[in-house]
Amino acid sequence: MKAFKMMKELFGGFDEVGATSVDCKNFRRGINLFIREYDAEMVVELLMNKQEYINGFSCDYFANDDGNLSGLFWADEVAKHNYLSFGDVISFYATFRSNKYKMVFVPFARIDTHHRSVTLAAALLSNETAKSYGWLLRAFKKAFGHEPMVVVTNQDPAMKIDVEKEFSNSRHRLCM
């Protein structure tokens with residue numbers, strides 16, 4: 001409706017738009033039906049293009065045997081600069097599956113010198129298994145070049161296994 005009202009203003013009235021509000025709603029429904037089938041592919045393509053054309057942007061993804069997106073990781077140049085400045089101790093954790101795809105959001109964060117949380121990277125995972133966390137930590141190391149001195153996580157057993165395996169030179173601590 002907002003787009004239809006804006007078109008009314010641009011064209012000089014409802015009669016001049018050339019479509020009804022129902023036409024606009026139907027068009028939007030059609031676009032959403034199309035996107036729903038290809039939304040993961042579109043996001044991956046967008047991030048891969050950013051990686052190709054934007055210096056300092058990193059992303060990685062993996063799919064399961066059925067071809068469904070299982071993991072998506074990304075970090076930009078600002079995040080990499082923050083990691084160089086404040087990356088001696090990082091934390092990461094998995095959120096609840098609160099999005100429509102039931103994927104967990106995994107932010108990597110650090111506290112800066114002003115006691116503010118700084119995001120270093122982010123990821124989406126379809127499950128919280130050792131395989132998924134192993135892939136995620138390898139993607140982190142690939143993007144940032146080295147592992148942190150200390151990693152703080154929650155008490156997820158899969159995280160514990162993979163932090164010790166993939167970040168073997170880091171100290172692993174559990175948050176309270």
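## Terms and basis

A contact means heavy atoms within 4.5 Å. The model is predicted: local features need pLDDT of at least 70, side-chain atom pairs count only at pLDDT 80 or more, and totals for chains, interfaces and linings use all residues. Residues are numbered from 1 along each chain as its sequence is written, and side-chain values use heavy atoms, with hydrogens and water left out.

Ser-58 belongs to strand β1, which covers residues 58-63; helices (H or I, at least four residues) and strands (E, at least two) are DSSP runs, numbered from the N terminus. With a relative accessible area of 12%, Ser-58 is buried (under 20% relative accessible area, with a 1.4 Å probe and protein chains only).

Leaving aside residues up to four places away in sequence, Ser-58 touches Gln-51, Phe-73, Trp-74, Ala-75, Lys-80 and Ala-143. Its side chain also forms a polar contact of 2.4 Å with that of Lys-80. Such a contact is a pair of N or O atoms within 3.5 Å; within protein, one must be able to donate a hydrogen and the other to accept it, and residues adjacent in sequence count only if both atoms are side-chain atoms.

## The sheet

Seen as a whole, the open sheet has 7 strands in the order β1-β2-β5-β4-β3-β6-β7, with mixed pairing. Strands β1 and β7 (171-174) stand at the edges with a single partner strand each, so one side of each has no neighbour in the sheet.

Strands β1 and β2 (residues 69-75) pair in the antiparallel sense over 6 bridges; two strands pair if DSSP finds at least two bridges between them. Within β2, Ala-75 is the bridge partner of Ser-58.

## The helices

Helix α4 (residues 77-86) lies across β1, β2, β3 (89-92), β4 (104-111) and β5 (117-125). Helix α5 (residues 130-144) packs on the sheet and touches β1, β2, β3, β4 and β5.

Residues of α5, including Tyr-133, Leu-137 and Lys-141, meet a group in α6 that includes Met-159 and Val-163.

## The whole protein

The protein has 6 helices and 7 strands. From the N terminus on, its elements run α-α-α-β-β-α-β-β-β-α-β-α-β. Of its 176 residues, 36% count as buried. Among contacts with a separation of 6 or more, residues 24 or more positions apart account for 46%.

Terms used: Buried means under 20% relative accessible area, exposed over 50%, partly exposed in between (1.4 Å probe, protein chains only). Axes are lines fitted to C-alpha atoms, for helices over the stretch in contact, and angles run from 0 to 180 degrees between N-to-C directions.
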